[in-house]
Amino acid sequence: MFSSSILLQILACAIYGNWWPMLSALMYVVVPMPCLFFGGGSTQFLTSRDGGGWIDAAKFLTGASTVGSLAIPIILRHAQMIETGAMLIEFTSFFIFICTVMCFHRASLDDDW
């Protein structure tokens, strides 16, 4: 699923001959970083109510980078730097990426794996 998300990112750039949509692929690298740095590589802290300075910072950074992943194609389209089709392909890629993250989170919660 992750590979198809990256493929859609590349197609959004290649089909329209404009590589600005690849800017949102940078956010795909940024989204899991708070989990790696502050959550010990686990996604379980995202659904817990436990708090603390670093845990709350990780939740905020994860949310901010997720919103940034959606905002970048919208801003690029508003500035008329990308086409509407490229923006829609970016949204599809983001949806597949989020489904991949949710599947990984669900699989990491199960101890049977």
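Modeller: Among contacts between residues at least 6 apart in sequence, 60% join residues at least 24 apart. Keep in mind that this is a predicted model.

Biologist: What makes up the secondary structure of the protein?

Modeller: It comes to 5 helices and 0 strands. Read along the sequence, the pattern is α-α-α-α-α.

Biologist: How much of the protein is buried?

Modeller: Buried residues make up 30% of the 113 residues. The accessible surface comes to about 7100 Å². Carbon and sulfur atoms hold 70% of that surface.

Biologist: Why is Val-31 called buried?

Modeller: Its relative accessible area is 10%. Buried means under 20%. Therefore Val-31 counts as buried.

Biologist: Where is Val-31, and what is it in contact with?

Modeller: Val-31 sits in the loop between helix 2 and helix 3 (33–38). Leaving aside neighbours within four places in sequence, Val-31 touches Thr-62, Ser-65, Thr-66, Ser-69 and Phe-97. Take Ser-69: Val-31 and Ser-69 are 38 residues apart in sequence. Their C-alpha atoms are 8.5 Å apart in space.

Biologist: What does Val-30 count as?

Modeller: Val-30 lies in helix 2 (residues 25–30). Its relative accessibility is 35%. Buried needs under 20%, and exposed needs over 50%. The value falls in between, so Val-30 is partly exposed.

Biologist: How do you know whether Ile-15 is buried or exposed?

Modeller: Ile-15 has 55% relative accessibility. Exposed means over 50%, so Ile-15 counts as exposed. Its place is in helix 1. Ile-15 and Gly-85 are 70 residues apart in sequence. From C-alpha to C-alpha, Ile-15 and Gly-85 are 9.3 Å apart in space.

Biologist: What is the direction of helix 4 relative to helix 5, and how do you know?

Modeller: Helix 4 and helix 5 pack at an angle of about 170°. Their axes are 9 Å apart. The cut-off is over 145 degrees, so helix 4 and helix 5 are roughly antiparallel to each other.

Biologist: Which residues meet there?

Modeller: In helix 4, they include Thr-66, Ser-69, Leu-70 and Arg-77. In helix 5, they include Thr-84, Met-87, Phe-91 and Ile-98.

Biologist: What is the phi of Gln-80?

Modeller: Phi of Gln-80 is near 55°. That is a positive value in a residue other than glycine. Most residues other than glycine have a negative phi.

Biologist: Where is Gln-80, and is it buried or exposed?

Modeller: Gln-80 lies in the loop between helix 4 (53–78) and helix 5. Its relative accessibility is 67%. The cut-off for exposed is over 50%, so Gln-80 counts as exposed.

Definitions and conventions. Residues are numbered from 1 along each chain as its sequence is written. This is a predicted model: local features need pLDDT of at least 70, side-chain atom pairs count only at pLDDT 80 or more; totals for chains, interfaces and linings use all residues. Side-chain values use heavy atoms; hydrogens and water are left out. Helices (H or I, at least four residues) and strands (E, at least two) are DSSP runs, numbered from the N terminus. Buried means under 20% relative accessible area, exposed over 50%, partly exposed in between (1.4 Å probe, protein chains only). Axes are lines fitted to C-alpha atoms, for helices over the stretch in contact, and angles run from 0 to 180 degrees between N-to-C directions. Angles under 35 degrees count as roughly parallel, over 145 as roughly antiparallel, 65 to 115 as roughly perpendicular and the rest as oblique. Contact means heavy atoms within 4.5 Å. Accessible areas come from the Shrake-Rupley method with a 1.4 Å probe; for residues, only the protein chains shown count as cover.
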